[in-house]
Amino acid sequence: MTWQRQHLLDIESLTAEEILAVLDTAKAFKAVGERAIKKVPALRGRTVVNLFVEPSTRTRISFELSEQRLSADIINFTAEASSLKKGETLKDTAKNLEALNADFIVIRHSAAGAPHFLARVLNAHVINAGDGAHEHPTQALLDTFTIRERKGRIEGLNVTILGDILYSRVARSDVWALTKLGARVTLCGPSTLVPKTFEQMGCRVTYDVEEAIRDADIINLLRIQHERQRKTMFPSINEYVSLFGLNKARLAKTKPDALIMHPGPVNRGVEIDSEIADSNRSLILEQVTNGIAVRMAVLFLVNGGKGPQEIAAG
Amino acid sequence: MNALLLTGGRVVDPANRLDARADLLILDGKIAAVGEAAAGRAPAEAERLDVSGKVVCPGLIDLHVHLREPGQTPKETLATGTAAAARGGFTSVVCMPNTTPTIDNAGTVALIHERAAQHSAVNVFVAGAITKGIAGEELASIGSLKRAGVVAITDDGHCVQNNELMRRALEYAKMFDLPVMDHCQDYSLVTTGVMHEGYWSTALGLQGWPAAGEEMIVARNILLAELTGAHVHCQHLSAAGSVALIREARKRGVRVSGEACPHHFTLTDAAVAGSEEFWKRDGKQLYPGQELLPAWPAYDTNLKMNPPLRSARDREAILEGLVDGTIEILCSDHAPHCDFEKEVEFDYAPFGITGLETELALSLMQLHHAKRLSLSDLVAKYTVAPARLLRLAKGTLSVGADADVTVFDPNREWVFTREATASKSFNSPFYGWPLKGKAVATIVGGRIAWVEQMEALAV
């Protein structure tokens, strides 16, 4: 079996084989999710702490459901309710959770590298559920899973990621996952949010949206996180919409089989025209569904699970 | 009579253009003789140290350290900080004013002088603040600070953003011939940056601290030095552009100078991504052929300092600036922090690393052993150059001068360990590094402040 890791901290350090191992395992779990009884005993008796130091709804719910379907015991721990606000350090909080014999810590944190820090100080398995502007590995795995499912392959595809790249952990994880699997990735958005430095990660940067999407097989739209942008990054949402928003006129100039993705939550009418979000070219809801299977696969493999054959047998 | 004779060493005294094998005699805290006369003039009861094979030089001066007293003594105290200095070969240090309270008034200066007289192993000189509370809003009582004995002013750790205020500080301090030192950082450009802005900040998802954030203030300081005729000293230079600006300004005769720290000319931003990335790329030439190299993880907070570690190109430019004399002064920016303060998320860790106990070795490695600079030119950057900037009667082995003397073995190979650390804090990225060059005796005012293996040296 190719998967030997104790943690899932980022995509950058994974090999293509490791990524494929997750995708293949997720495929088996997706089949489980389509059965009448969706639960497997893989993590029975194991305790998972969802340590969400930065608020999140969909990633937390997706992890919770994945853990429930693996029969794990779950503790949800959010920053608002926690002692972190009272000045306890992350290390102390995590050590306390470990003292309760938690086996897994799923961490979402606004500081890049926080999961790596936890993995150094804890014996528990650490799963990165998004760290600052660094990585969001399970999102990239579910994106890759969804693309492979619909297109049959990753290698040779043109994938364009459009929007706020600078602050996006999804963009970074997607770039690593897709380029490792042989896709050609193009990044596009306002120059303030898409510095050329990203090209050193093995992708291409362009500021011409029409050119960016013309030959794309997949167009992955990222949320314009207006609450995070200082006013210096771009003049207005309206200007963003007119320059980079995916509207019908722009979509008409793409390949007819180009598919649209978005990690959510969607700002309708900003990065994407509302009708396009609901069209049959949109994979947005499939991404959500696949997120469960992918996160089950990650927890299963990190726990020492053997691979898809074991799930099929069970 | 207190007498000490150092025999057989290589005496390197850049202030007197001396680099020769010679004996050195200390009588009653002063240099009494150097050379052939020394042994003959030594009284019979003089203590003798055989320092053959070692370098004997004026006591090293580090003009940029944080001793954390008063108010931050869990990190460091005058006693532990100066013990670290002595062990690193330093006979004089200049402590920065960002303490609690800040050193913006004569009373705090007096307190430090008094406590240093009781507790310190080496000479402690005090830098006062430029502005009240280091808040960058109003001038501190610079005249009172001068009278209380500060050797310079700086808001180090912070940077005076208001250009008019900085101009007035320069004009005012010039009246007292008091050097002004500046931590160069443009806040509006740097915002919340935690590491050098470049590929690694992008890949690691950390907020970038662009080199231009330093260069902009270096340029500002050059213009203000020209406007006021005052001298500005730019602290801990990290960026290639800063070196170029200062080089050009000095050619035009502008009174501007700079200093560099070993971490900025040894490490790069790639180190923040972990040791593997560093040794694979920017660290390659540091230990050619060596297989077993020190290891550290990504996001190690002991690689977080302000200004940050920069690119390989910046590191090269700092080295070039040291070689061609643009940067005259070496220092550590010794910035101790408690383990629990550093054992947090990278974003939340305080900036700074300790340096007093490793800076001589790292400077020798990158400048002397790497054949970039002669031993004498290197020693000058730790002795006569800082003494000249701060108008200290130090940094020389002239007969009659204070007997501050450092003895070091430039070729000694050693490893820095937590167990052998004199500082109260351990926030150094250089633990476990194979180092070359080490102080073996530190003599302050004729008194041995620290000596390695006394029995081995005593004749």
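A polar contact is a pair of N or O atoms within 3.5 Å; within protein, one atom must be able to donate a hydrogen and the other to accept it, and residues adjacent in sequence count only if both atoms are side-chain atoms. The exercises below use a predicted model, in which local features need pLDDT of at least 70, side-chain atom pairs count only at pLDDT 80 or more, and totals for chains, interfaces and linings use all residues. Residues are numbered from 1 along each chain as its sequence is written, chains are lettered from A and ligands numbered from 1 in the order in which they are written, and side-chain values use heavy atoms, with hydrogens and water left out.

**Exercise 1. Describe the interface of chain A and chain B.**

Step 1. Take the polar contacts: six residue pairs, both at pLDDT 80 or more, are found across the interface.

Step 2. Find the elements on the chain A side. Helix H3 (90-99), helix H4 (114-121) and helix H6 (169-180) of chain A each supply at least two residues; helices (H or I, at least four residues) and strands (E, at least two) are DSSP runs, numbered from the N terminus. H4(A) gives the most, with four residues.

Step 3. Sort that side by class: ten residues are nonpolar, eight polar and six charged. Here Ala, Val, Leu, Ile, Met, Phe, Trp, Tyr, Cys and Pro count as nonpolar, Asp, Glu, Lys and Arg as charged, and the others, Gly among them, as polar.

Step 4. Count contact residues (heavy atoms within 4.5 Å): 24 come from chain A and 19 from chain B.

Step 5. About 1,700 Å² is buried between chain A and chain B, and carbon and sulfur atoms give 56% of that.

Step 6. Look for salt bridges (a side-chain nitrogen of Lys or Arg within 4 Å of a carboxyl oxygen of Asp or Glu). Chain A and chain B have one, and B:Glu343 pairs with A:Lys91 in a salt bridge at 2.6 Å, N to O.

**Exercise 2. Describe how domain 1 and domain 2 of chain A meet.**

Step 1. Size the interface. In each domain 27 residues are in contact with the other, and about 2,200 Å² is buried, 59% of it on carbon and sulfur atoms. On the domain 1 side, A:Leu23, A:Glu135 and A:Asn290 lose the most area, together 28% of what that side buries.

Step 2. Count the pairs: three salt bridges and 13 residue pairs in polar contact span the interface of the two domains.

**Exercise 3. Is B:Ile134, with its positive phi, buried or exposed?**

Step 1. Locate the residue: B:Ile134 lies in the loop between strand S8 (123-128) and helix H4 (142-148) of chain B.

Step 2. Read the backbone: phi is about 50°, although B:Ile134 is not a glycine. Most residues other than glycine have a negative phi.

Step 3. Apply the cut-offs: buried means under 20% relative accessible area, exposed over 50%, partly exposed in between (1.4 Å probe, protein chains only). At 7%, B:Ile134 is buried.

How values were computed:
Buried area is the accessible area (1.4 Å probe) that two parts lose on being put together, summed over both.
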